[in-house]
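Dear colleague,

Please find below the structure that I am handing over to you, with the findings set out after it.

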Amino acid sequence: MRLPGRLALLRSTPLAARPPGRVRTGRAAARRGFSRGRLGGTMAEEAKKRAAFAAVDKHVQNNQVLGIGSGSTIVHAVQRLAERVKEENLTIVCIPTSFQARQLILQNGLTLSDLDRNPELDVAIDGADEVDCDLNLIKGGGKKSDSLGEQWKKGIPIEVIPMAYVPVTKALTKKFGGVVELRMAVNKAGPVVTDNGNFILDWKFDKVHEWREVNSAIKMIPGVVETGLFIDMAEVVYFGMEDGSVSVREKQPC
């Protein structure tokens with residue numbers, strides 16, 4: 001499979017805070033992110049919208065296959081995508097990464113497909129929680145940092161098969177330290193269950209790691225399905241700033 005271009009959409013938090021982004025391909029996706037921070041709800045949504053619109057306007061072209069992620073910012077990205085398809089008569093195929101993304105694609109009248117029919121993505125857009133100076137990301141809120149963990153304190157999500165969450169928890173803390181918590185549902189009893197019927201562990205690490213090595217090691221633990229780390233996947237990150245501007249961080253050549 002050819003790797004797609006990756007974009008990240010983020011909303012910044014005040015002053016020192018900074019955002020993230022990311023993409024995934026092997027399992028169907030690309031990702032980019034935003035966070036709420038301390039901005040008011042209306043300002044936060046407007047910031048997300050500006051960043052999402054800027055990314056779609058800059059990177060989406062006719063006859064592309066797009067990976068569509070999930071989250072509150074993606075709603076705005078899909079909205080803008082639908083507007084451009086209608087206004088410019090674009091031919092665009094969308095590959096969802098989740099049930100939410102699938103519903104957004106259908107609700108906006110966009111062409112839905114999958115990786116079996118379209119295994120090569122041109123661009124993938126998703127949300128993330130934090131991005132570091134190398135554009136490594138934690139999937140999920142909207143912080144721009146020099147190192148992962150400076151701003152985002154809720155941990156790295158790790159998807160695991162239900163029967164393995166206890167041994168995976170023990171393996172994580174033994175190998176890498178920190179604290180691991182099973183993510184619990186808010187509006188119902190029991191743990192959060194993913195689209196694939198799995199559980200999510202939130203690993204709150206307590207020191208800076210070599211993320212490429214750690215990510216590979218975590219994926220080798222029996223029972224781990226995927227991690228929320230996006231290493232060397234994002235190429236561009238968009239930050240919707242509180243002053244109404246959009247900040248862009250691009251991957252620097254090695």
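**Arg84 and helix α2**

Arg84 is buried, at a relative accessible area of 8%; here buried means under 20% relative accessible area, exposed over 50%, and partly exposed in between, with a 1.4 Å probe and protein chains only. Its place is in helix α2, which covers residues 72-88. Helices (H or I, at least four residues) and strands (E, at least two) are DSSP runs, numbered from the N terminus. Leaving aside neighbours within four places in sequence, Arg84 is in contact (heavy atoms within 4.5 Å) with Val56, Asp57, Val60, Asn89 and Leu90.

**Basis and confidence**

The model is predicted: local features need pLDDT of at least 70 and side-chain atom pairs count only at pLDDT 80 or more, whereas totals for chains, interfaces and linings use all residues. Residues are numbered from 1 along each chain as its sequence is written, and side-chain values use heavy atoms, with hydrogens and water left out.

The protein chain has a mean pLDDT (the predictor's confidence in each residue, from 0 to 100) of 77, and 76% of its residues reach 70 or more. Confidence in the chain is lowest in strand β2 (residues 21-22), at a mean of 31, and highest in strand β6 (residues 111-112), at 97. The pLDDT is below 50 over residues 1-6, a stretch with 29 contacts in the model beyond near neighbours in sequence. Over residues 9-39 the pLDDT is also below 50, and this stretch has 196 such contacts beyond near neighbours in sequence. Where pLDDT is low, the predicted coordinates should not be read in detail.

**The nonpolar cores**

A nonpolar core is a set of buried Ala, Val, Leu, Ile, Met, Phe, Trp, Tyr and Cys residues joined through side-chain atoms within 4.5 Å. The largest has 20 residues, and those with the most contacts inside it are Ile158, Val168, Leu172, Trp203, Trp211 and Ile218. Two or more residues are given to this core by each of β11 (156-160), α4 (165-176), β13 (199-204) and α5 (211-219). Helix α4 provides the largest share, four residues. Apart from this core lies another, of 19 residues, including Ala52, Val56, Val60 and Ala77.

**Helix α4**

The twelve residues of α4 should span 16 Å at 1.5 Å a residue, and the end C-alpha atoms are 16 Å apart, which agrees; the expected span is 1.5 Å times one less than the number of residues. Val168, Thr169, Ala171, Leu172 and Phe176 are the buried residues of this helix. Seen down the axis of α4, they fall within an arc of 165 degrees, so they line one face of the helix; the arc is that of the directions from the helix axis to the C-beta atoms. The face turned away from the buried side carries the exposed residues Lys170 and Lys174.

The packing partners of the buried residues of α4 are β11, β12 (179-182), β13, α5 and β14 (224-227). Leu172, leaving aside neighbours within four places in sequence, is in contact with Ile158, Gly177, Val180, Leu201, Ile218 and Ile221. Gly177, just after the helix, takes a positive phi of about 75 degrees.

Tyr165 also has its place in α4 and counts as partly exposed, at 29% relative accessibility. Beyond neighbours within four places in sequence, Tyr165 is in contact with Val160, Leu182, Phe199 and Leu201. The C-alpha atoms of Tyr165 and Gly223 are separated by 7.4 Å, although these residues are 58 residues apart along the chain.

**Helix α3**

In helix α3 (residues 99-107), the residues Ala101, Leu104 and Ile105 are buried. Seen down the axis of α3, its buried residues fall within an arc of 100 degrees, so they line one face of the helix. Phe99 and Gln107, on the other side of α3, are exposed. The buried residues of α3 pack against β4 (64-68), α2, β5 (92-96) and β6. Gly109 follows α3 and has a positive phi, near 70 degrees.

**Aromatic pairs**

The structure holds five aromatic pairs. Rings of Phe, Tyr and Trp (its six-membered ring) pair if their centres lie within 6.5 Å; planes under 30 degrees apart count as stacked, over 60 as edge-to-face and the rest as tilted. Trp203 and Trp211 form an edge-to-face pair, 6.2 Å centre to centre and with 70 degrees between the planes. Trp203 is buried, with a relative accessible area of 0%, and Trp211 counts as buried at 6% relative accessibility. Ring pairs link Phe176, Trp203, Phe205 and Trp211 into a cluster.

With kind regards
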